[in-house]
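Hello,

Here is the structure I promised to pass on to you. Please open it alongside this message, and then read on for what turned up.

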Amino acid sequence: MKHPGNLFVVAAPSGAGKSSLVKALLEIDSHLAVSVSHTTRAPRGQERDGREYHFVSAESFHAKVAAGDFLEWAEVHGHWYGTSCGAIEQTVAGGQDVVLEIDWQGALQIKQLFANAVLIFILPPSWDELAQRLNRRGEDGAAVIAQRLANARHEVEQARNFDFVIVNALFESAVFDLKTIVHSQRLKYAALRRSRPAVFDALNLS
Ligand code: 5GP
């Protein structure tokens, strides 16, 4: 399948700083839209239905899977998550590039569907730092944190299958890395041909 815009997929273990990095990127880049996923997990803190996620029941989620409504889906930390076809279509219709903030399983499914998707993996600088960040964030109980840390050991193994890797040691520097990847992708011939058609037409370049 061809995606008309640029498709960026960001994955990371919990606590590596993925959401903050993507949020910072969206603030400085008005051509990017984030895809809102569906999940069966309960909302946390200030999360609102339709903003961070579409929060749905397991029955409703699996009905959508059966109906072919998801581009990709996966079970992560005991809950189901999926990217609906509609979530992508909305952003593409708005002429924007899309960023998907999903787990590594979903990222690899997206690469199978869209060969030109750019997969970016965020690594923490160390296991100690990851544990500290998960504890500091204060969103989850001890058992959930322990499960996320255990899962992280397997998740980081997947970094080798991604196009780019960012080590999030210093936040500002990681935002710069992310922005650089997005910018470089937009400078590729096919992407530029799409975004600057007048220039290419004037130069008789197909
Ligand atoms: P959280 O519950 O902390 O918001 O997310 C848990 C994990 O699920 C994160 O790695 C997050 O990126 C991932 N995730 C969120 N939405 C999706 C999705 O639509 N598909 C997949 N495969 N993973 C997702």
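Predicted model: local features only at pLDDT ≥ 70, side-chain atom pairs only at ≥ 80, totals over all residues.

Let me start with the ligand. There are 17 residues around it, and those that come nearest are Lys18, Ser37, Arg41, Tyr53 and Tyr81. The side chain of Asp103 places a polar atom 2.7 Å from a nitrogen atom of the ligand. Arg44 has a side-chain N or O atom 3.1 Å from a ligand oxygen, while Gly82 uses a backbone N or O atom, 3.1 Å from an oxygen atom of the ligand. On its own the ligand would expose 510 Å², and 93% of that is buried by the protein.

The largest nonpolar core contains 21 residues, and Phe8, Ile120, Ile122 and Ile166 have the most contacts inside it. Two or more residues each are supplied by strand E1 (7-11), helix H1 (18-28), strand E8 (118-123) and helix H7 (171-186). Helix H7 gives the largest share, 5 residues.

Finally, the surface. Tyr189, Val199, Leu203 and Leu205 make up a nonpolar patch there, and their accessible area together is about 360 Å². Tyr189 belongs to helix H8, which covers residues 189-195.

Happy viewing, and best wishes

Definitions and conventions
Residues numbered from 1 in each chain as written. Heavy atoms only, no water. Patch = residues over 30% accessible without salt bridge, like charges linked within 9 Å, V, L, I, M, F, W, Y side chains within 5 Å. Areas by Shrake-Rupley, 256 points an atom, 1.4 Å probe, with all protein chains shown as cover. Salt bridge = Lys/Arg side-chain N within 4 Å of Asp/Glu carboxyl O. Helix = DSSP H or I, 4+ residues; strand = E, 2+ residues; numbered from the N terminus. Near = heavy atom within 4 Å. Polar contact = N/O pair within 3.5 Å; in protein donor to acceptor, adjacent residues only side chain to side chain. Core = buried A, V, L, I, M, F, W, Y, C linked by side-chain atoms within 4.5 Å. Buried < 20%, exposed > 50% of the residue type's maximum accessible area, 1.4 Å probe, protein only.
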